[in-house]
Amino acid sequence: RLSLNIMKSLKNWDNKTWLSSKNYIESFNKFLIQNTKLNSRSEILDIGCGRGKITGNLATKIKLINKPIGLDVENNKDKSKKIIFKKIDAITYLSKTKKTFDLILIKQTIHLLKKNQILRLLSLCKNRLNSNGKIIILSLDPSKNEIPTFSLMKKKLEESLKRDKKIFKLITKTYPKIIIKNFIFKVVITKNEYLKMIKKRYISTLLSFNDKQIKVGLNEINLKYKNELNFKDRLICLILKR
């Protein structure tokens, strides 16, 4: 199963951040369409969907006949009405369903799983793909990370990204025909907005920090950065076909 305690705590990753902005969602869905063969009859599964804003927007964009299915262990109040939401972890759902998909999206979720869970999940996903279907896995690029950090956050994030490298190595070794691409989004955000995001622990790296550590981090960010932050949100993208 997904790491439930972590997943339940991670409520703010797509809430009032650049990840929920119209520009980000439009840019990301353009990337998805370019790398798939989606049409109005496509069946889509979003694993770790959060509020489902991305796949909800995608459904409108390609005029989907059937709503995408979104899986998450956290049931957010303001989730998109354009998806069919299921409060369940992906391994349990995929073990039971007979439904097949043209796109299975795993965005910034895979790092929350253990290695054996990742292999189990991808095996289940592959078995649930239609003939031209694709699994698209996205995670922070461990080699070119530009996310603004304070010292303790940087240390923890670097540890996490080292583990991510091992995860990607495991996946590419298991599936040598996998295609690797990059999604890059230019972020412009005020420092005050970013401080609010830190306070809400918008990224899984911050979840283990206590209030005092967050307070120290906020002060450090305040001193370290200018009033406007400009950086690239870089994701590595693994595309796996049936």
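Reader: Is serine 80 buried or exposed in this model, and what is its relative accessible area?

Author: This is a predicted model, and in it serine 80 counts as buried because its relative accessible area is 12%, which falls under the 20% limit for that word. Serine 80 sits in the loop between E2 and E3.

Reader: Which residues does serine 80 touch, not counting those up to four places away in sequence?

Author: With those neighbours set aside, serine 80 touches Arg51, Gly52, Lys53 and Gly56. A polar atom of the serine 80 side chain also lies 3.0 Å from the backbone nitrogen of lysine 82.

Reader: How many salt bridges does the count come to?

Author: The count comes to five salt bridges. One of them joins glutamate 26 to lysine 61, whose closest N and O atoms are 2.7 Å apart. That pair links distant parts of the chain, since glutamate 26 is in helix H2 and lysine 61 is in helix H3 (residues 53–61), 35 residues apart. Glutamate 26 is partly exposed, with a relative accessible area of 28%, and lysine 61 is partly exposed too, with a relative accessible area of 39%.

Reader: Where does the salt bridge partner of glutamate 146 lie, and which residue is it?

Author: The partner is arginine 234, and the two side chains meet at 3.1 Å, N to O. Glutamate 146 lies in the loop between strand E5 (129–140) and helix H6 (151–174), while arginine 234 lies in strand E7 (residues 228–241), so this pair ties together parts that are 88 residues apart in sequence. Glutamate 146 is partly exposed at 34% relative accessible area, but arginine 234, at 17% relative accessibility, counts as buried.

Reader: What does the side chain of glutamate 43 make a polar contact with?

Author: The side chain of glutamate 43 makes its polar contact with the side chain of lysine 99, at 3.2 Å. Glutamate 43 is placed in the loop between H2 and E1, and this residue is buried, with a relative accessible area of 15%. Leaving aside neighbours within four places in sequence, glutamate 43 is in contact with Asn66, Lys99, Thr100, Phe101, Asp102 and Leu103.

Reader: How should I read a pair of aromatic rings?

Author: Such a pair is described by the distance of the centres and the angle of the planes. Here the count comes to 12 aromatic pairs. Among them, tryptophan 18 and tyrosine 194 form a stacked pair, with 6.4 Å from centre to centre and 20 degrees between the planes. This pair links distant parts of the chain: tryptophan 18 is in the loop between helix H1 (4–9) and helix H2 (22–34), and tyrosine 194 is in helix H7 (residues 191–199), 176 residues apart. Tryptophan 18 is buried, at 7% relative accessible area, and tyrosine 194 is buried as well, at 0% relative accessibility.

Reader: Which kind of aromatic pair do tyrosine 24 and phenylalanine 183 form?

Author: Tyrosine 24 and phenylalanine 183 form an edge-to-face pair, at 5.7 Å centre to centre and with 90 degrees between the planes. Tyrosine 24 lies in helix H2 and phenylalanine 183 in strand E6 (residues 179–190), so the pair ties together parts that are 159 residues apart in sequence. Both residues are buried, and ring pairs link Tyr24, Phe28, Phe31, Phe183 and Phe185 into a cluster. Over the face of phenylalanine 28 lies lysine 107, at 5.2 Å from the ring centre.

Reader: Which residues touch the most other members of the largest nonpolar core?

Author: That core holds 44 residues, and Trp18, Met153, Tyr194 and Tyr202 touch the most other members. Apart from this core lies another, of 29 residues, among them Ile91, Ile106, Ile118 and Ile171.

Conventions: Residues are numbered from 1 along each chain as its sequence is written. This is a predicted model: local features need pLDDT of at least 70, side-chain atom pairs count only at pLDDT 80 or more; totals for chains, interfaces and linings use all residues. Side-chain values use heavy atoms; hydrogens and water are left out. A nonpolar core is a set of buried Ala, Val, Leu, Ile, Met, Phe, Trp, Tyr and Cys residues joined through side-chain atoms within 4.5 Å. Buried means under 20% relative accessible area, exposed over 50%, partly exposed in between (1.4 Å probe, protein chains only). Rings of Phe, Tyr and Trp (its six-membered ring) pair if their centres lie within 6.5 Å; planes under 30 degrees apart count as stacked, over 60 as edge-to-face and the rest as tilted. Helices (H or I, at least four residues) and strands (E, at least two) are DSSP runs, numbered from the N terminus. A charge sits over a ring if NZ of Lys or CZ of Arg is within 6 Å of the ring centre and within 35 degrees of the ring normal. A salt bridge is a side-chain nitrogen of Lys or Arg within 4 Å of a carboxyl oxygen of Asp or Glu. A polar contact is a pair of N or O atoms within 3.5 Å; within protein, one must be able to donate a hydrogen and the other to accept it, and residues adjacent in sequence count only if both atoms are side-chain atoms. Contact means heavy atoms within 4.5 Å.
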